[in-house]
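Hello,

Here is the structure I promised to pass on to you. Have a look at it first, and my notes on the ligand follow below.

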Amino acid sequence: MSDYGLIINGNKVATEDSFPVLNPANEETVAHCPIATRDQLDDAVKAAADAFQSWSKVPDEERAAACGKIAEAITGHADELARLLTQEQGKPLSGEGSRFEVGGAAAWAGYTGSLTLPDKIIQDDENARIVQTRKPIGVVGSITPWNWPLMIAIWHVVPAIRAGNTVVIKPSPYTPLSTLRLVEILNECLPPGVLNCVTGEDELGQWMSEHPDIQKIIFTGSTATGKKVMGSAAVNLKRLTLELGGNDAGIVLDDVDPAAIAAGIIGGAFLNNGQTCAALKRLYVHESVYDELCDKLVDALAGIPMGNGLDEENLQGPIQNKMQFDKVVALLEDAKEQGGRVLCGGEIPDEPGYFMPYTLVADVSDGMRIVDEEQFGPLLPIIKYSDVDDALRRANASESGLGGSVWSSDTERASRIAAQLECGTAWVNQHGGIAPNIPFGGIKCSGIGVEFAEEGLQEYTTIQVVNISRAAA
Ligand code: NAD
């Protein structure tokens, strides 16, 4: 029996089966999560489809106002949501942890509510009036990962309902509880059926991707799963936005002041314990500043307290789950076997929980797993280069294309190099900065489409052209 229920048509719905959700800081059960059956998914999709009939037609201002109420409701429950998030996800309450995530979710909801997609008049003369409008698509299926569960839920849900769609959201089985509670809270701001939440194992995501009555999938997760979603979605030509994995490179030029950039690099690499899609995951450093920058990066990481995130003092939590923990440890071991030099961290505490301190590995190169694969954890490879064109070539020799950065005292020079990075966002002297008014998305195998800003909102609509002839009138 679960302590939580699915949220279908505004009601909390019990399920026969459930599974335990573990706290990665101590491996104890936080609560049991309901497992939806296929029939219960159908119920959720039907509730959303029914609600679409009216929600798609309410005045635009009403939908904008609902987004404002959502922002207020998140803020009103911020403490409760942050504590639940810390317990199931592991991130600390403090620093750029759970409170930061909940605050970001509220801010994103509020800003997204203010966006509009006005009609575009293409022609208006004696021959014709041609107007391009944006219409909601229908039922949107949202599938989210475990790294930023609440923030990403809001990124999916709010633009969808702002544009007049209705939603069935499915969180990751690793972090389902905070989303179930969020959706319960948000249902107080919305008519029944507009926002529904189903939980279960991965197969539930597949059922959604192939569901004939879901018209769009917004998916955030790994590239491997994104490819499966794309295959299943072909059944009814679902619209797709895919935000997938990254292996972002940062290139440090020969003219930097290592002391000035070290904190920015650490922040870009280790936001959310490195479990961030657009974290800096490969650092290419010019040989002339390599040793000094390595020293400054080690200094920047000194004395950061790691432990259970419910303890206000801690600023680093555990890796979110055992599978990811084992993967990060394996990448570190492989790097060490191949001559990688551990500059700091690297020792796994002998206690419950999936803890690994921030770890920097120098003297590694392309072709090693730690560089070629997305590590998605508190582990950063630092690669030496001598020729910047060669560094660019290596940065771009990846199937991923989410973000990238160039670091230099000469921003003009850095911008010219950044423009040659093959990625959706190229940062200069920073890495990972995003905002609700800036479109964000990946190229190559990092995704399809963008989120945020007007361009992101457009992805929850289809274009209709109304073409009125005046010639015959
Ligand atoms: P994942 O792909 O394992 O799971 C993501 C979601 O997909 C989960 O809800 C899961 O249950 C569901 N799922 C699993 N199999 C499915 C299937 N066959 N069909 C449909 N859904 C299925 O990813 P994860 O491990 O939860 O998240 C980490 C990955 O997400 C990393 O690669 C990271 O880079 C990426 N990510 C990308 C962004 C971005 O904006 N580009 C943001 C955050 C995370």
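How far does a polar side-chain atom of Glu-374 lie from an oxygen atom of the ligand? The distance is 2.5 Å, within the limit for a polar contact (a pair of N or O atoms within 3.5 Å).

Before going on, please note that this is a predicted model, in which local features need pLDDT of at least 70, side-chain atom pairs count only at pLDDT 80 or more, and totals for chains, interfaces and linings use all residues. Residues are numbered from 1 along each chain as its sequence is written, and side-chain values use heavy atoms, with hydrogens and water left out.

The backbone takes part too: an N or O atom of Gly-221 is 3.2 Å from a ligand oxygen, and one of Gln-206 is 3.4 Å from a ligand nitrogen.

Around the ligand there are 30 residues, counted when a heavy atom lies within 4 Å. Thr-144, Asp-202, Ser-222, Leu-244 and Glu-374 come nearest. This shell divides into 13 nonpolar, 12 polar (Gly among them) and five charged residues (Asp, Glu, Lys and Arg count as charged).

Finally, domain 1 (6–244 + 442–465) and domain 2 (248–428), with bounds from an automatic or database assignment, both give residues to the shell, so the ligand lies between them.

Best wishes

How values were computed:
A polar contact is a pair of N or O atoms within 3.5 Å; within protein, one must be able to donate a hydrogen and the other to accept it, and residues adjacent in sequence count only if both atoms are side-chain atoms.
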